[in-house]
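The entries follow the order in which I looked things up.

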Amino acid sequence: MKYPVTPDGRYFVVRGRLWRMANQALGEDERSRLTKRLMAARRAVRTAKIENDQSAEAAAHRAVDEAKRALGERGPVWWEDGAPDLNRQVAKNTIYADWYAKIGRSRPGGS
């Protein structure tokens, strides 16, 4: 499923919430490498949970966080215009409210 992306490319929307996109300035090779690292860390979380290994799970969660920060999805924002970070905010309660209302009407099941 393809999620809508804000006009400025900073966020995508899932169930009405904004989620920060990866840093647009990352090169394709770097983004691919970091994404693979993120996916491996997520698999490690799953494996640690299955094995009930709390130490390994904590380490895997740290690896997920490190990869997401390297991608720009967490931590300091990657844009430089001073705009606030709206990660995890409800789209209709942000500066993207008008845009979100318009795309909501055009999407199946939108409001």
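Entry 1, helix H1. I checked the length of helix H1, residues 28-50, and its 23 residues at 1.5 Å a residue should span 33 Å. The end C-alpha atoms of H1 are 33 Å apart, which agrees. The expected span here is 1.5 Å times one less than the number of residues in the helix. I took helices (H or I, at least four residues) and strands (E, at least two) as DSSP runs, numbered from the N terminus.

I noted the basis of the model: it is predicted, local features need pLDDT of at least 70, side-chain atom pairs count only at pLDDT 80 or more, and totals for chains, interfaces and linings use all residues. Residues are numbered from 1 along each chain as its sequence is written, and side-chain values use heavy atoms, with hydrogens and water left out.

Which residues of H1 are buried? I found Leu34, Leu38, Ala41, Val45 and Ala48. Buried means under 20% relative accessible area, exposed over 50%, and partly exposed in between (1.4 Å probe, protein chains only). The cover over these buried residues includes helix H2, 54-71.

I looked next at the backbone after H1, where Asn52 follows with a positive phi near 55°. Most residues other than glycine have a negative phi. Asn52 is not a glycine; it lies in the loop between H1 and H2. Asn52 counts as exposed because its relative accessibility is 63%.

Arg88 also is not a glycine and has a positive phi, of about 70°. I placed Arg88 in the loop between H2 and H3. Its relative accessible area is 44%, so Arg88 is partly exposed.

Entry 4, the strands. I found that S1 and strand S2, residues 17-20, run antiparallel and are joined by four bridges. Two strands pair if DSSP finds at least two bridges between them. Val14 has Arg17 in S2 as its bridge partner. Two residues sit between the strands of this hairpin, and Arg15 takes a positive phi near 45° there.

Is Arg10 buried or exposed? Arg10 counts as buried because its relative accessibility is 12%. Arg10 is in the segment before strand S1, 11-14. Leaving out residues up to four places away in sequence, I listed what Arg10 touches, including Trp19, Arg20, Trp78, Trp79, Asp81 and Tyr96. Contact means heavy atoms within 4.5 Å.

I found Ile103 in helix H3, residues 97-106. Ile103 is buried because its relative accessibility is 16%. Ile103 and Pro4 are 99 residues apart in sequence, yet their C-alpha atoms are 8.2 Å apart in space.

I counted three helices and two strands, and the pattern along the sequence is β-β-α-α-α. The C-alpha trace spans about 45 × 30 × 25 Å along its principal axes. Of the 111 residues, 32% count as buried. Among contacts with a separation of 6 or more, residues 24 or more positions apart account for 56%.

The protein exposes about 7,500 Å², and carbon and sulfur atoms supply 50% of this area. Accessible areas come from the Shrake-Rupley method with a 1.4 Å probe; for residues, only the protein chains shown count as cover.
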